[in-house]
Amino acid sequence: MSLSQNADATDVVDSDARPSAPPGDKLRICHIAATTEGGIWVYEQLRDLRDRFGHDVSVILNGDAGTLVDRFKAAGIPVLVADFEYLSSSDLFALPKKILRLASLLRRERFDIVQTHLFHSMVIGRFAAWLADVPVRLSMVAGPFHLEAYTSKWIDGSTQWMETALIPSCEFTRSIYKSMGVEEDRLKLIYYGPDETKFDPDGHQAVPIREQYGWPDDTPLIGMVAYFYAELGANRWTPPIAHGRSIKCQADLINAMPAILARVPNAKLVFVGSGWGEPGQQHLSNMKNLVRELGLDDSIKFFGYSSDIPGILKSLDVTVQASLSENLGGTIEALLMECPIVATRVGGLVDSVVDGKTGVVVNPSDPPDLARGILELLTDREKAKLLAANGRRLMEDRFTLRTTVEKEDALYRSLKAKAAGGYRLHVSALRGIIGGFVCAYLAGRYWLFDLRLLPALDAGWRPWHFHRTRSRIAGALRRLQGRSTHAASTYQPDARTDPVSGGPIVSPMRMALYRFYAWVGRRKLGWGIRKRIKDLFRQ
């Protein structure tokens with residue numbers, strides 16, 4: 001999520017500011033997103049689908065209060081509420097109830113198109129839409145993050161077949177789905193394009209950042225526009241490359257500054273963005289401490305949150321996106337503003353930042369290479385301007401909100417024309433039975449493997465160790481040995497002792513049991529059942 005996607009702006013426009021709806025069938029469209037903050041792209045897509053194409057639009061969010069809710073209500077777009085949380089094992093076992101409630105809501109509203117965004121709402125939303133027999137069911141995948149993590153990837157892969165089609169929003173995401181076996185004709189690439197009318201370089205004044213800090217007007221200025229997110233835990237819900245790291249990697253840019261200052265001593269760096277929640281605020285504090293430890297207080301400043309992202313971008317000589325996992329991460333907005341950009345070679349960043357054509361691409365988690373890329377643009381201003389100008393042309397051609405909603409409208413109409421009527425009671429009943437087995441599989445696999453077995457393996461346990469069983473057997477053998485020693489010291493022959501060998505007389509029942517064990521031990525693994533079944537079918 002880029003900061004520019006959450007900037008406050010007046011988004012409710014009059015009817016003359018946008019093209020009138022063309023003639024055609026009006027569709028009932030619902031988007032689902034598990035958020036009430038940020039997510040302006042959901043609002044912009046639905047607003048333009050209504051204003052430009054005349055569709056009847058609604059949204060389902062996970063609450064009835066927040067800045068995103070306010071945007072929809074101000075625009076007159078109906079807001080419905082559902083529960084999408086499943087962060088613990090108890091939440092997981094409550095999923096069927098949440099899915100059924102959402103399915104009931106969808107059946108009541110009778111939407112033609114249901115499109116989900118974000119992982120939590122995607123899984124619950126797709127299950128509910130499939131169960132309700134919505135005619136066209138789509139997931140627009142906001143980024144590759146969940147597909148680079150073990151648990152979320154297999155959950156997505158186990159349920160993606162419920163969708164009519166998937167909408168990856170970068171080439172990298174599409175390639176992952178293809179590697180998972182998803183048919184290519186079910187993958188429809190559509191980018192999350194921002195509203196291009198908000199990012200016109202001729203329509204904005206540069207924010208006076210240099211003046212605010214008392215720097216000369218010709219000071220080389222580097223910037224990163226992004227929230228500060230908390231360090232991620234080392235678990236199977238996060239990509240391995242991001243374990244223990246903040247996804248935006250402001251630390252890499254800070255660590256790259258000494259090398260930059262060695263070549264361009266008067267360069268300055270500003271971070272534009274606040275901490276995302278309390279954990280993000282803590283990470284922001286950690287970054288400030290890192291700057292102090294490196295003695296870079298005069299060269300690196302924390303600007304804080306700004307609603308004027310276009311003005312910020314216009315003031316920068318180079319903007320940077322150093323993420324570890326990302327979709328497009330603010331690169332579209334930067335290039336629309338013709339701001340030279342350096343980005344890491346991850347996710348969808350390489351779709352918009354084409355190395356040597358629209359910007360400079362560097363390796364992730366590599367401060368020296370990041371410094372190299374920034375210096376390449378700082379020391380060759382003509383090249384930087386040329387790349388940025390090329391970038392704006394590419395963004396206008398492929399990465400705008402206008403292109404996004406045009407492709408969505410065409411996809412919706414195409415799929416709706418092929419779809420069955422939908423909301424068939426007998427189909428929902430059959431899917432309810434199948435869905436019960438799917439839920440049982442998801443809950444069982446998650447509980448057994450993700451919560452129990454795999455964490456135990458991570459902790460060093462191996463199935464052939466059987467530490468507890470071995471200790472119990474050893475203890476039992478020691479007790480038996482002690483009893484045998486005691487019995488030998490007080491041995492007296494009795495009626496159950498063989499007078500010839502002196503050993504115990506084995507009862508017929510025990511002998512039969514020994515022989516049964518010996519017979520079982522000579523059997524082949526599987527008892528020949530599979531062979532007998534195959535022979536039966538051949539007959």
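**Close-up views of a predicted model**

**View 1. The open sheet of 6 strands is ordered E9-E8-E7-E10-E11-E12, with parallel pairing.** Strands, like helices, are DSSP runs numbered from the N terminus, a strand (E) having at least two residues and a helix (H or I) at least four; two strands pair if DSSP finds at least two bridges between them. Strand E9 (300-304) and strand E12 (360-362) stand at the edges with a single partner strand each, so one side of each has no neighbour in the sheet. On average, neighbouring strands of this sheet are turned by 25° against each other, direction ignored. Angles are taken between N-to-C directions and run from 0 to 180 degrees, the axes being lines fitted to C-alpha atoms, for helices over the stretch in contact. The model is predicted: local features need pLDDT of at least 70 and side-chain atom pairs count only at pLDDT 80 or more, while totals for chains, interfaces and linings use all residues. Residues are numbered from 1 along each chain as its sequence is written, and side-chain values use heavy atoms, with hydrogens and water left out.

**View 2. Strand E11 (residues 341-344) pairs with E12 in the parallel sense over 3 bridges.** Ala343 stands opposite Val361 in E12.

**View 3. Helix H9 (residues 250-263) lies across strand E7 (221-225), strand E8 (268-272), E9 and strand E10 (318-321).** Helix H9 runs at about 170° to E8.

**View 4. Helix H4 (residues 95-109) packs against helix H5 (residues 119-132) at an angle of about 55°, their axes being 8 Å apart.** This makes H4 oblique to H5, where under 35 degrees counts as roughly parallel, over 145 as roughly antiparallel, 65 to 115 as roughly perpendicular and the rest as oblique. The contact (heavy atoms within 4.5 Å) includes Leu95, Ile99 and Arg107 of H4 and Ile124, Gly125 and Phe127 of H5. Its residues divide into 12 nonpolar, 1 polar and 1 charged; Ala, Val, Leu, Ile, Met, Phe, Trp, Tyr, Cys and Pro count as nonpolar, Asp, Glu, Lys and Arg as charged, and the others, Gly among them, as polar.

**View 5. Arg28 forms a salt bridge with Glu109, their closest N and O atoms lying 3.7 Å apart.** Arg28 belongs to strand E1 (residues 28-33) and Glu109 to helix H4, so the pair ties together parts that are 81 residues apart in sequence. The structure holds 27 salt bridges, each a side-chain nitrogen of Lys or Arg within 4 Å of a carboxyl oxygen of Asp or Glu.

**View 6. Helix H14 (residues 367-378) and helix H15 (residues 381-398) pack at about 100°, with axes 6 Å apart.** The two helices, H14 and H15, are therefore roughly perpendicular to each other. Glu376, Leu377 and Leu378 in H14 meet Arg381, Lys383, Ala384 and Leu387 in H15.
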